[in-house]
Amino acid sequence: GRLEAVTQQMGYHPQYLDSFLKTQHYLMHMDGPLPFDCRHYIAIMAAARHQCRYLVNLHVLQFLRAGGDPQWLRGLEFIPPKLRNLNEINKILAHRPWLITKEHIEKLLKISEWSWSLAELVHAVVLLAHCHALASFVFGCGCEQDEGLGGRGSLKPLSLGNQCFCEATAGNSYSQELLRIKRKRSLDSCMELDSLRERMQRIHVETEGRDEMRLLQQDREEGEGQGAKVGVRVGVPMAHLGLSPLADTDGVVTGATNLACYMQDPDFGYQDFARRDEDQTQVFRVQDYSWEDHGFSLVNRLYSDIGHLLDEKFRMVDGLQSSAMAKRQGCEPSVFKRGIWNYIHCMFGIRYDDYDYAEVNQLLERMLKVYIKTVTCYPEKTNSEMFDRFWKQFKHSEKVHVNLLILEARMQAELLYALQAITQYMI
């Protein structure tokens, strides 16, 4: 149940929450091309690109519960080459998706012992885009503030006020049932925690513990303090895994301490598309390749039903009421939301020929644009002051709405570039 902070924020918009939960559940827990442990590890890799400990810790626990090999949690050097080969596309998608080419796709799909199938790759790409965008939402709404999970603790917990989260989803049978399951899993995870830690320790000792036991024996023979040595040695396996060996008072894993082991080239980050040096990089025109006309059918053909779920989510965020926000800006709700959506896509080099981009500067004040760009392009730099300063006169639910637009616009942008590259490869 570690998504509770996210679901609380999305609970301001219960219809969207229902669509999000269905997509999240389908991606992670329903039938699909990828094994369940690999799905959670891919999510770990994606969240690590933005230093999102909240999501990394969530998926570390779920990875282990899905039967994942604890050795993989030591870092990319300890995972199968097939999974490690996904690192490059993860890095590019997270920061500069316009650099993805059909050559990247071909490299992953080439015939070899570690090749990906098209269906597997589409599943992986959707997972990566989903987790990158969700990391933006986590930082944007302050869900990373949980110090017990190793978060930076700079954002204040955000309250739903008088509205209970359960009441926010009242009448929605899917959300109610899924929340009941999540609460049960949260209790189950507390009961399973001890066995998970024991299993992690046991597997590590079985595979790499011989040398350690020999050192312990040498220590005993030399007459050194046995208790102190054992205390130090036993802590090593968990440290190698990048995890704290202890749990907090609620029985929750305290989580990853070093996210660098889950990524390569950590200095690679967002670069303004408008100031790029690569002359060969072309503006992505939606008229030539769009979600509605191209991406939807490709995804749905290779990963059954996910296209419908994603499409529903995109439409749901577009249909959310924003009359108060638009009224304050003196425009129609659809005009205001399109301004935010197109501004986000513009930062990734995606253009709409039928849109006048001069409207963006008229609709979005400077502080709002700074906030949107930070949360979209480098969410790990978001801080509580930025959240508090933008639109002080607006309700918290309206700020959450902006973050939902960021989440979906960013996810669609990444998918468009990746799916276009897959389409070019197939041609």
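These notebook entries record what I looked up in a predicted model of one protein chain.

**Entry 1. The chain as a whole**

I began with the overall make-up and found 19 helices and two strands in the protein chain. I then looked up burial: buried residues account for 53% of the 427 residues. For the accessible surface I noted about 19,000 Å², with 48% of that belonging to carbon and sulfur atoms.

**Entry 2. Confidence**

I looked up the average pLDDT of the protein chain, which is 77, and noted that 68% of the residues score at least 70. Residues 146-175 have a pLDDT below 50, and this stretch has 68 contacts in the model beyond near neighbours in sequence. A further stretch, residues 222-256, also stays under 50 in pLDDT. For residues 222-256 I recorded 67 contacts beyond four places in sequence.

**Entry 3. Helix H3**

I asked how far apart the end C-alpha atoms of H3 are. They are 19 Å apart, which agrees with the 18 Å that its 13 residues should span at 1.5 Å a residue. I next checked the cover of H3: twelve of its 13 residues are buried, so the helix is largely enclosed by the rest of the structure. Among the buried residues of H3 I listed Asp37, Arg39, His40 and Tyr41. Which helices do the buried residues of H3 pack against? I found helix H2 (14-29), H4, helix H5 (81-84), helix H6 (87-95) and H8.

**Entry 4. Helix H8**

I turned to H8, one of the helices that H3 packs against. Helix H8 covers residues 118-140 and has 23 residues. From its first C-alpha to its last, H8 reaches 33 Å, close to the 33 Å expected at 1.5 Å a residue. I noted that H8 is mostly covered, with 21 of its 23 residues buried. H8 is followed by glycine 142, whose phi is positive, near 85°.

The phi of glutamine 51 is about 55°. Glutamine 51 is in the loop between helix H3 (36-48) and helix H4 (53-65). Aspartate 265 has a phi near 55°. I located aspartate 265 in the loop between helix H11 (226-240) and strand E1 (284-285). Its relative accessibility is 38%, and therefore aspartate 265 counts as partly exposed.

**Entry 5. Asparagine 342**

Is asparagine 342 buried or exposed? I found a relative accessible area of 1%, so asparagine 342 is buried. The residue belongs to helix H15 (residues 333-347). Not counting residues up to four places away in sequence, asparagine 342 touches Tyr352, Tyr355 and Tyr357.

**Entry 6. Methionine 386**

I placed methionine 386 in helix H18 (residues 384-389). Methionine 386 counts as buried because its relative accessibility is 15%, and the cut-off for buried is under 20%. Leaving aside neighbours within four places in sequence, I recorded contacts of methionine 386 with Val370, Tyr371, Thr374 and Lys381. I also looked up the separation from valine 375, eleven residues away along the chain: the C-alpha atoms of valine 375 and methionine 386 are 9.9 Å apart.

Technical notes:
Residues numbered from 1 in each chain as written. Predicted model: local features only at pLDDT ≥ 70, side-chain atom pairs only at ≥ 80, totals over all residues. Heavy atoms only, no water. Helix = DSSP H or I, 4+ residues; strand = E, 2+ residues; numbered from the N terminus. Buried < 20%, exposed > 50% of the residue type's maximum accessible area, 1.4 Å probe, protein only. Contact = heavy atoms within 4.5 Å. pLDDT = per-residue confidence, 0-100. Areas by Shrake-Rupley, 256 points an atom, 1.4 Å probe, with all protein chains shown as cover. Expected span 1.5 Å × (residues − 1).
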